[in-house]
Amino acid sequence: MTKRLTARKRILMNSGKTAFREMDRRRRKAFVWGLMLLTALVMLFTVSALPSMAPTASVRAVLSQENYPAGGEYPVLFTVRVTDPWFLHGPHEADGMLATRLTFSGIGPIEIIDVQFPSPKKAKFPYADQPLEVYEGEFTVPATLRVPESAKIGAYLIEAELTYQACTTTACRPPETVKIPFTVHIVASGVEAPSMDQPLSERAGQPARMPGRWSGFWLTILGIFLGGLALNLTPCIYPLIPITVSYFGGRGNDMAGHPFMHGAFYIIGLAITNAALGVIASLSGGLLGAVLQSSYVLVGVALVLVCLALSFFGFWELRVPTGLTRLVVKSYGGYFGTLFMGLTLGIVAAPCLGPFILGLLTVVAQKGDPVLGVIYFVVLSIGMGLPLAILGIFSGSMNKLPLSGDWMIWVRKLLGWVLLAMAAYMVSPLIPGGAIRAVLGAALFCAAAIHLGWLERSGKGSRFFTVVKRSFGLLCIAGASIYLYAGLQSHEGMRWLPYQPALVQEAARKGTPAILYFSADWCFPCRQMNSSVFTDPEVIQLGRQFVPLKIDLTREHPQQEYLQETYSLKGVPTIIFLDRRGSNREDLRIESYVDKEVMLDRMRDVLRQSSSK
């Protein structure tokens, strides 16, 4: 009887503990979701409170009549409304500030002349030594529309463009352009064309339609998100694909929690690193990706990949520290590992600098708004990381397929070798000489082949599995041979000279255009250009008419600070063209991977315009 009571008591106690744990788990789960919801609400509130989201100015054209007989001149007004607290700079450039101006396109035979900006007021700003000419509130710009006798009857769409730079007392926006399309109807000379019902001056004072505050912001966010998606088509994202597949596919069932939550934490890790690096680089004027100039960072990222690979080989299991496990339910523990992997890969993704990211950096730097910079780069990272996260989620479901355990063990070790290969890729800039890198890379291929093809014992009872493993090993050895042969070949390319200021001055003195090529070994697009663009015979032949100067930023260059300031360097690859007088051709600047056709067009343009001067 006593034993029965004791057993019953034990069952009740165990069931009570289980119920308590379940209740505790639910509470902590509710806490995690509540915290995420609160964070989202705070971000939404922050975005809605940002003053920089409001449009700085709107413009509309005010016509004097509906039809314009040929052979006459007619008044036209442009009404500009400036949103508080912004100012527009005056019609004259001063202290490097862009002048406000009106330009016209698509006007055909019509002329718009006598554009007269009103006299601006003068205001003192903390960042300027002298008072600046500015516009605020609302002002009108009168002009004259001239229709020649020879103008054909019909409707003409005219696009006026107001270009300006807006500032407050503490910050400035980058130059902006507002388009003002309007239609002018031309009738035959002598035809009576009555004026509008209201005088021109009265209609000029009517409120202009201001674009919605939120529409512009959300369109910007959408554009940044789509830009992030487009970055997945660039070469610099390719190294992230095998790392992502290896991590999610190799962890498999070890990743506790929901797969989609792991994908979300992976994107959050990417977003945090990209946002931090992007904002710091833009506000400090630094080089995004310069963190990879440090050998400590390269070795650190490689060690993370090596440790993860060794866990795939079964040497140990990576577990979340006890202190972190106490903060989150045990089933959520794997999320920290996924978050950490995203943080690490954010460093690897840092050099992915196409023109889109460079433009975003410029906007963030000139707005001087770190909060807005974080939002922009987080959205960019979501767009960039979403395809990778989806790929990782589906590769992480491999263990759920109806395959034998031996296959999964072998695939897990294969993914471990992929991670070791990516670790070798990360430290390759530290290895001097392309031949040594080729030998070590081939040795890694052969080691993987021998291990996976012959030494790995899983599935030894299956003849078919043994044939597959041996075949894979032979393919790896063949691939290693091709890789070694290609790496030991001397590819003749452009004969770059190390950058020296004296060489730039000498080229300008002799009237020879120059090319400044900023690159780094850790820059995947640079490697692609070195192997496919600068080895092309046409590029090499045309390059002989230039002074080709190469600035290697694999390690911090002795003149890196000077070069960054002089050439507004934000990342690599960057190619600067100098004409025969040594002037920087900003319109031909290259800031991302391009093919040989683009490179040849830019080089020919420099030679053509230089010869015409």
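**View 1. An open sheet of 4 strands has antiparallel pairing and the order β1-β3-β9-β6.** This is a predicted model, in which local features need pLDDT of at least 70 and side-chain atom pairs count only at pLDDT 80 or more, while totals for chains, interfaces and linings use all residues. Residues are numbered from 1 along each chain as its sequence is written, and side-chain values use heavy atoms, with hydrogens and water left out. Strands (E, at least two residues) and helices (H or I, at least four residues) are DSSP runs, numbered from the N terminus. Two strands pair if DSSP finds at least two bridges between them. At the edges of the sheet stand β1 (57-63) and β6 (111-113), each of which pairs on one side only. From one strand to the next, the twist averages 30°; angles run from 0 to 180 degrees between N-to-C directions, and axes are lines fitted to C-alpha atoms, for helices over the stretch in contact. Between β3 (residues 72-82) and β9 (residues 138-147) there are 10 bridges, in the antiparallel sense. V80 has F139 in β9 as its bridge partner.

**View 2. Strand β10 pairs with β5 and with β12.** β5 (residues 101-105) and β10 (residues 154-164) are antiparallel and share 5 bridges. β10 and β12 (residues 176-187) also run antiparallel, joined by 11 bridges. T163 of β10 is the bridge partner of R101, and T163 stands opposite T177 in β12.

**View 3. D114 has a positive phi of about 55° although it is not a glycine.** The loop that holds D114 runs between β6 and β7 (121-123).

**View 4. Another open sheet of 4 strands has mixed pairing and the order β13-β15-β14-β16.** β13 (497-498) and β16 (574-578) are at the edges with a single partner strand each, so one side of each has no neighbour in the sheet. β14 (residues 514-519) is joined to β16 by 5 bridges, and the two run antiparallel. Y517 has I575 in β16 as its bridge partner. Helix α17 (residues 560-567) packs on the sheet and touches β14, β15 and β16, where contact means heavy atoms within 4.5 Å. The direction of α17 makes about 120° with that of β14. α15 also lies across β14, β15 and β16, and runs at about 135° to β14.

**View 5. A cis peptide bond joins V572 and P573.** Its omega is about 0°. P573 belongs to the loop between α17 and β16.

**View 6. Helices α12 and α13 pack at an angle of about 175°.** Their axes are 8 Å apart. α12 and α13 are therefore roughly antiparallel to each other, a term for angles over 145 degrees. The residues of this contact comprise 17 nonpolar, 5 polar and 3 charged. Ala, Val, Leu, Ile, Met, Phe, Trp, Tyr, Cys and Pro count as nonpolar, Asp, Glu, Lys and Arg as charged, and the others, Gly among them, as polar.

**View 7. The largest pocket has a volume of about 1,600 Å³.** A pocket is an open set of points on a 1 Å grid over the protein atoms alone where a 1.4 Å probe fits, with protein on both sides within 12 Å along at least five of seven lines; lining residues have an atom within 4 Å of a point. Grid points are joined across faces, edges and corners, and the volume is the space filled by probe spheres set on the points. The lining has 45 residues, with S428, G434, R437, Y483 and R527 nearest the centre of the pocket. α12 gives the largest share of the lining, 9 residues. By class, the lining of the largest pocket has 27 nonpolar, 13 polar and 5 charged residues.

Definitions and conventions: Angles under 35 degrees count as roughly parallel, over 145 as roughly antiparallel, 65 to 115 as roughly perpendicular and the rest as oblique.
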